[in-house]
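Have the sequence and the model open while reading.

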Amino acid sequence: MENPQFKLQEHGKIPKDNIIALVVLDGWGESKPDKYNCIHVAETPTMDKFKEGAPEKWRLVRAHGTAVGLPSEDDMGNSEVGHNALGAGRIFAQGAKLVDIALASGKIYDDQGFKYIKECFETGTLHLIGLLSDGGVHSRLDQLQLLLKGASERGAKRIRVHILTDGRDVLDGSSVGFVETLEKDLSDLRAKGIDAQIASGGGRMYVTMDRYENDWNVVKRGWDAQVLGEAPHKFRNAVEAVKKLREDPKANDQYLPPFVIVDENNKAVGPILDGDAVVTFNFRADRMVMPAKALEYQDFDKFDRVRFPKIRYAGMLQYDGELKLPSHYLVSPPEIDRTSGEYLVHNGVRTFACSETVKFGHVTFFWNGNRSGYFNPKMEEYVEIPSDVGITFNVQPKMKAIEIAEKAKQAILSRKFHQIRVNLPNGDMVGHTGDIEATVVACKAADDAVKMIVDAIEQVGGIYVITADHGNAEDMVKRNKTGEPMFGKDGKIQVLTSHTLMPVPVAIGGPGLPQNVRFRSDLPNAGLANVAATVMNLHGFQAPADYEPSLIEVVDA
């Protein structure tokens with residue numbers, strides 16, 4: 001049954017019923033060619049051919065920062081927000097914006113995450129861990145203040161804040177002012193009968209906030225202070241602590257050593273104990289994944305935790321959609337409606353989607369606006385190929401690329417589907433291991449898979465759209481401010497295992513693509529969200545008016 005709400009106007013100049021292969025190369029950005037660019041080093045004749053072909057059929061789009069709903073241009077894209085944008089055709093607030101909306105509306109207190117931690121308020125302590133700063137990159141002081149107010153009004157009787165000083169996104173030395181502001185807020189809460197104190201602290205680069213498994217000792221220092229109540233420095237209050245530690249001529253806010261606040265008996269005022277609730281209040285994910293693992297995982301071998309308290313832990317947001325970490329969070333992903341997949345299914349477009357386990361959710365759940373299941377099981381088929389388990393992905397860098405391509409090929413040649421959508425995870429998952437040689441193999445495997453899919457499209461007279469969700473494999477080395485590779489004390493390069501800020505390609509082609517269709521030249525800042533309208537056009541439909549504009553135009557002959 002057609003739903004009139006989802007009725008699309010026909011394009012008029014591009015016919016309907018095209019068979020379209022839509023391929024997402026995960027972690028495949030565009031960067032300068034050097035030996036640390038695994039895509040450049042790898043044999044990738046298929047993708048090279050697209051790039052070197054007609055310029056009106058290949059272009060770059062933005063896949064990070066505001067283009068995918070993240071707060072700033074310093075925010076790397078990721079697979080979750082990338083696939084949200086690709087599927088939704090619009091940019092939805094992610095990260096800090098999402099938290100602001102949830103706090104302003106009060107929705108944060110009605111959602112499952114807050115209800116989960118609230119169970120501890122009667123008899124336990126609420127611990128808040130995060131960056132104390134108004135820098136707005138990882139956290140914001142005003143969000144912490146609102147959370148303190150909201151939690152105290154909803155039953156939190158004992159609150160401990162574990163602060164991390166900044167000096168990186170804000171001026172060095174500004175920590176004293178932030179601590180004084182927080183102390184006043186906590187003093188006001190104490191005047192209302194709430195036992196609220198700062199319990200521990202340390203500099204962000206030395207305590208808790210490591211990323212990409214660079215140095216677990218950073219997380220351990222935080223754990224020792226926050227959970228065990230142990231640190232090399234003890235003070236009666238946090239203002240004194242920060243001022244005193246900053247007296248060291250080499251001191252700066254980023255690298256302040258860990259400290260705990262103690263009572264008159266020299267006993268830590270706020271170690272995390274059984275029955276307590278813990279919230280990490282940073283909204284940015286990259287420096288919260290490691291502490292989240294320590295707080296959540298029963299099986300954990302990165303350092304000796306000494307004890308693992310039975311707590312209720314939630315992140316401000318979910319920091320890793322693939323790991324589903326943490327499993328509880330205060331602010332849910334954006335509510336995304338009217339995705340391209342839903343529109344197309346309602347307009348008779350039969351859809352096949354496939355990937356292996358590690359990215360299957362991205363090409364289905366995240367693509368469909370954080371929604372599980374089918375829109376119409378009679379019109380859609382989703383196939384998940386089990387990923388390798390028990391090994392790191394650099395051991396088998398080809399992963400399941402060929403199997404995914406084989407399924408896509410079968411679906412294309414069956415002519416049962418109008419859209420065949422796949423994710424090839426190799427560049428991202430192998431790139432994350434930091435194994436450069438394996439990532440080169442991974443990129444070749446992904447390119448081989450693209451060729452299989454494109455060859456099938458050629459056989460049925462279809463169209464291909466090849467793109468990516470964010471960068472990774474195109475730059476595998478940490479760089480200094482001038483862009484030169486960085487080396488460690490041992491003389492070895494410092495491998496980069498993270499995503500990047502690089503743009504990603506979009507290539508269109510195939511025998512079904514009308515000869516007078518080309519990329520527009522008036523959208524230099526287009527991003528992933530522009531892909532949805534583009535694909536809708538190629539299916540023969542006009543996109544909804546509020547979608548980001550299509551990348552293509554039809555040139556009159």
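## Charged pairs and a buried helix

E335 is exposed, with a relative accessibility of 63%. This is a predicted model. E335 forms a salt bridge with K107, and their closest N and O atoms are 3.7 Å apart. The two residues sit in distant parts of the chain, 228 residues apart. E335 is in the loop between β9 and α11 (340-346), while K107 is in the loop between α4 (96-105) and α5 (112-118). K107 counts as partly exposed, at 34% relative accessibility.

A search of the whole structure finds 37 salt bridges. Among them is the pair D34 and R479, with the closest N and O atoms 2.8 Å apart. D34 lies in the loop between β1 (20-25) and α1 (38-41), and R479 in the loop between β13 (463-468) and β14 (504-509), so this pair ties together parts 445 residues apart in sequence. D34 is buried, at 18% relative accessible area. R479 is partly exposed, at 22%.

R246 and D172 also meet through their side chains in a salt bridge, 3.1 Å from N to O. R246 belongs to the loop between α9 (238-245) and β7 (259-261), and D172 to the loop between β4 (158-165) and α7 (175-191), so the bridge ties together parts 74 residues apart in sequence. R246 is partly exposed, with a relative accessible area of 25%. D172 is partly exposed as well, at 38%. Elsewhere, salt bridges with shared partners join D75, R211, R284 and D286 into one network.

| Salt bridge | Closest N to O distance |
|---|---|
| D34 and R479 | 2.8 Å |
| E335 and K107 | 3.7 Å |

D210 is found in the loop between β5 (195-203) and α8 (216-226). D210 is buried but has no salt bridge. Which side chain of opposite charge is nearest to D210? It is R287, 4.8 Å away. A polar atom of the D210 side chain lies 2.5 Å from the backbone nitrogen of D215. Leaving aside residues up to four places away in sequence, D210 touches residues including W216, D286, R287 and M290.

Why is α10 (residues 289-296) largely enclosed by the rest of the structure? Seven of its eight residues are buried.

Definitions and conventions: Residues numbered from 1 in each chain as written. Predicted model: local features only at pLDDT ≥ 70, side-chain atom pairs only at ≥ 80, totals over all residues. Heavy atoms only, no water. Helix = DSSP H or I, 4+ residues; strand = E, 2+ residues; numbered from the N terminus. Buried < 20%, exposed > 50% of the residue type's maximum accessible area, 1.4 Å probe, protein only. Lys, Arg positive; Asp, Glu negative; His and termini not counted. Salt bridge = Lys/Arg side-chain N within 4 Å of Asp/Glu carboxyl O. Polar contact = N/O pair within 3.5 Å; in protein donor to acceptor, adjacent residues only side chain to side chain. Contact = heavy atoms within 4.5 Å.
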